[in-house]
Each structure stands twice: as C-alpha cells, then as structure tokens.
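Colleague: I'm new to this one. Can you walk me through it?

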Amino acid sequence: MKILNTCRALNENFGYHDNIFPYYQSKLGNEVVIITSTIQDFIFGKKHQLEKGIYQERNVKVVRLDYYYKQGTRFLKLKNFYEELEKFKPDVIFCHGILPINFFEVIKYKKKNKCKLFIDNHADLDNSAKNKLWRILFYEFFLKLLYKKYDKYIDKYYGV
C-alpha cells in the first residue's frame, strides 16, 4: 500500500506523531512518503529553514517543498504539492493537523482517485485557541463550515 503523510513542519528525528506514524507504516511494509515544508521548528528555540529536496528519515522518503503562502502557524500552501500527489499516487493520504496543508488540493485528489483520507489532530481548544476571538472565528466559524462541506471526503478523524 502507498501511504502519503502530510504535515506543516517535520522536525527531523523527533518523537512526534508526524515522525512516528510514517515510521511504523513503513515498518509494516508499506511504501511511505512524507510531504512537508522547508520549515523546521523548535531547534534550540529557533525556527530554521531547510533546503527543499528529498531526504530520508528512518527509511521514509521525505519531500520538502517550498511554500508560496504562509500565515501564522496554521495556514500554509506548498508549491508543486499536487504534482507530488499525482506522481506518488497514494492509496492513503494521512494529514497531520486539523487544517491540512494544501487542503483543497488533497480534496481535489480524493475526488478524482480512489484513496482513503485520514486527518489527525493533536490540538484542542485549551492549547490552541486561547484567544476568544480566534476560537470563535477559526474554530466555530471557519473550521465548522469547512468540515461541514468536506466531511463526506474524509474517511476517518483521529485525535492524538
């Protein structure tokens, strides 16, 4: 099975679910690719920019793409993302984060191809929506409308 993982920033060699899930998916004999940005967070408290390209982490192929749009830590659009989807042709797309990178391109691919789409989330309102205005606008308005419209394309949600 071909499994594509997407995440906003992959902190190499960390123990986050973004790193661990693909490792175990690969260990089970699947062909696994991670598509992520050139952003790497939390290295000695500073953000780092990595070069775009293909890397390996624990025998999993990592494709780092430049981004053409970034707003805060939630909104990120990667260049050439859809082309990478088409090239890999995944059976499963596993998106890490409540607002996946290139969300509409993932949905577009799902509509055109037989694949499963899973989304995980490790944020909750207590740690990601401390600002009351943000909680109302982002979670109760934007995300609610987004998932109401696109829920039919998402096969499973996971709380991490």
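Colleague: What should I know before we start?

Modeller: This is a predicted model, so local features need pLDDT of at least 70, side-chain atom pairs count only at pLDDT 80 or more, and totals for chains, interfaces and linings use all residues. Residues are numbered from 1 along each chain as its sequence is written, and side-chain values use heavy atoms, with hydrogens and water left out.

Colleague: Okay. How many salt bridges does a search of the whole structure find?

Modeller: Two. A salt bridge here is a side-chain nitrogen of Lys or Arg within 4 Å of a carboxyl oxygen of Asp or Glu.

Colleague: Why would such side chains pair at all?

Modeller: Side chains of opposite charge can pair when their charged atoms come close.

Colleague: Which residue does K87 pair with?

Modeller: E84. Their closest N and O atoms are 3.2 Å apart. Both residues sit in helix α2, residues 81–88. They are three residues apart, so about one helical turn separates them.

Colleague: How do you define a helix or a strand?

Modeller: Both are DSSP runs, numbered from the N terminus. Helices are H or I with at least four residues, and strands are E with at least two.

Colleague: Is K87 buried or exposed?

Modeller: K87 is exposed, at 61% relative accessibility. E84 is buried, at 16%. Buried means under 20% relative accessible area, exposed means over 50%, and partly exposed is in between, with a 1.4 Å probe and protein chains only.

Colleague: And which residue does K110 bridge to?

Modeller: K110 pairs with D155, and the closest N and O atoms are 2.8 Å apart. K110 is in helix α3 (residues 103–112), while D155 is in the loop between α5 (132–150) and β11 (156–159). So this pair ties together parts that are 45 residues apart in sequence.

Colleague: How covered are those two?

Modeller: K110 is buried, at 14% relative accessibility. D155 is partly exposed, at 34%.

Colleague: New topic. What is the volume of the second largest pocket?

Modeller: About 150 Å³. That volume is the space filled by probe spheres set on the grid points, which are joined across faces, edges and corners. A pocket is an open set of points on a 1 Å grid over the protein atoms alone, with protein on both sides within 12 Å along at least five of seven lines, where a 1.4 Å probe fits; lining residues have an atom within 4 Å of a point.

Colleague: Which elements give two or more residues to its lining?

Modeller: β5 (53–57), β6 (60–65) and α2. β6 gives the most, with four residues. The lining includes K52, I54, R64 and L65. E84 and K87, the salt-bridge pair, are also among the lining residues.

Colleague: How many of the lining residues are charged?

Modeller: Seven are charged, three nonpolar and two polar. Ala, Val, Leu, Ile, Met, Phe, Trp, Tyr, Cys and Pro count as nonpolar, Asp, Glu, Lys and Arg as charged, and the others, Gly among them, as polar.

Colleague: You mentioned L65. What is the C-alpha distance from T36 to L65?

Modeller: 6.3 Å, although they are 29 residues apart in sequence. T36 is in strand β2, residues 31–37. T36 is buried, at 0% relative accessibility.

Colleague: What about the surface? Which residues form the nonpolar patch?

Modeller: L133, I136 and L137, with about 290 Å² of accessible area together. L137 is in helix α5 and is partly exposed, at 47% relative accessibility.

Colleague: Last one. Where is N59?

Modeller: N59 is in the loop between β5 and β6. N59 has a positive phi of about 65 degrees, although it is not a glycine. N59 is exposed, at 71% relative accessibility.

Colleague: And N102, buried or exposed?

Modeller: N102 is buried, at 1% relative accessibility. N102 also has a positive phi, about 50 degrees, without being a glycine. N102 lies in the loop between β9 (92–96) and α3.

Technical notes: Patch = residues over 30% accessible without salt bridge, like charges linked within 9 Å, V, L, I, M, F, W, Y side chains within 5 Å. Areas by Shrake-Rupley, 256 points an atom, 1.4 Å probe, with all protein chains shown as cover.
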